[in-house]
Amino acid sequence: MEGTKPVNKKLAAALSGGAVLVLALSGCGGDENEKLDSWAKDVCDAVQPQAKKIESANASIQKETSDNSTPEDVQKTDAQAFQDMSDAYKAIGTAVNKAGAPDVENGETKQKDAVKELNTISASYASLKKQVDDLDTKDQGKFADGLKDIATELDKLSKSGNDALSKLEEGEVGQAMARQTSCKAATGPASAT
């Protein structure tokens, strides 16, 4: 199974590079704004379980790369992970949509852009799942090539413009989100940067 191992490692590396786009929370402190804090709490509370789902999907792909897994196992694990990620980003998009526009300048535009982006990310993961499902596990070479293509797309996806999310989380919104316990819990120690 050596053929698929390095490729699946590449897949795992691409994944860990940018899976939790939505949790690049910035800033802390700042002036309190009750309305905005309430909005941030709604979003953060909804994001936390989804962030955990994305994290465990990531972990399952990482684990699959360290085992001597068969192509069938890799296919099954990766397909499930991509499905989970697709569902999680969709749920985060729904939560941001449901929370309404944050009480800041251009809040509505920022919110709409973020929801659109989250839905696009969700659709991209759904498409990757379909690609994994369609891989030929009987042919080691073809399977490895297919995984390589998926890793390339994943890499692009992890670097893909999370501009709307950055815009949504800049300034007061980011500060309000940074004050929420559930957002801190969702980002974990990585948020210390």
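Let's start with a pair of neighbours: helix α3 (residues 71–99) and helix α4 (residues 107–133) pack at an angle of about 165 degrees, and their axes lie 8 Å apart. Helices here are DSSP runs of H or I with at least four residues, strands are runs of E with at least two, and both are numbered from the N terminus. The axes are lines fitted to C-alpha atoms, for helices over the stretch in contact, and the angles run from 0 to 180 degrees between N-to-C directions. Therefore α3 and α4 count as roughly antiparallel to each other. For that wording, angles under 35 degrees are roughly parallel, over 145 roughly antiparallel, 65 to 115 roughly perpendicular, and the rest oblique.

Before going on, a word on what you're looking at. This is a predicted model, where local features need pLDDT of at least 70 and side-chain atom pairs count only at pLDDT 80 or more, while totals for chains, interfaces and linings use all residues. Residues are numbered from 1 along each chain as its sequence is written, and side-chain values use heavy atoms, with hydrogens and water left out.

Back to the helix pair. The crossing of α3 past α4 is left-handed, meaning that the near helix is turned anticlockwise from the far one by less than a right angle (clockwise would be right-handed). The residues where α3 touches α4 split into 13 nonpolar, eight polar and four charged.

Now pick out some residues along α3. S86 sits in this helix and counts as buried at 6% relative accessibility. Buried means under 20% relative accessible area, exposed means over 50%, and partly exposed is in between (1.4 Å probe, protein chains only). Setting aside neighbours within four places in sequence, S86 is in contact with S122, Y125 and A126, where contact means heavy atoms within 4.5 Å. I92 is also found in helix α3, and with 0% relative accessibility I92 is buried. Its C-alpha atom is 7.9 Å from that of V43, although I92 and V43 are 49 residues apart along the chain.

Follow the chain into the loop between α3 and α4 and you reach N106. N106 has a positive phi of about 60 degrees, yet is not a glycine. Most residues other than glycine have a negative phi.

Next comes helix α5 (residues 140–159), where you'll find D145. D145 is partly exposed, at a relative accessible area of 44%.

What about disulfides? A pair of cysteine sulfur atoms within 2.5 Å counts as one, and by this rule the count comes to one disulfide. The partners are C44 and C183, with sulfur atoms 1.9 Å apart. The pair links distant parts of the chain, as C44 is in helix α2 (residues 34–66) and C183 in helix α8 (residues 181–187), 139 residues apart. The torsion about the S-S bond of C44 and C183 is about -85 degrees, so the disulfide is left-handed. C44 is buried at 0% relative accessible area, and C183 is buried at 1%.

Finally, step back to the whole chain. Its secondary structure comes to eight helices and zero strands, running α-α-α-α-α-α-α-α from the N terminus on. Of the 193 residues, 46% count as buried. Among contacts with a separation of 6 or more, 86% come from residues 24 or more positions apart.

Notes. Nonpolar A, V, L, I, M, F, W, Y, C, P; charged D, E, K, R; others polar.
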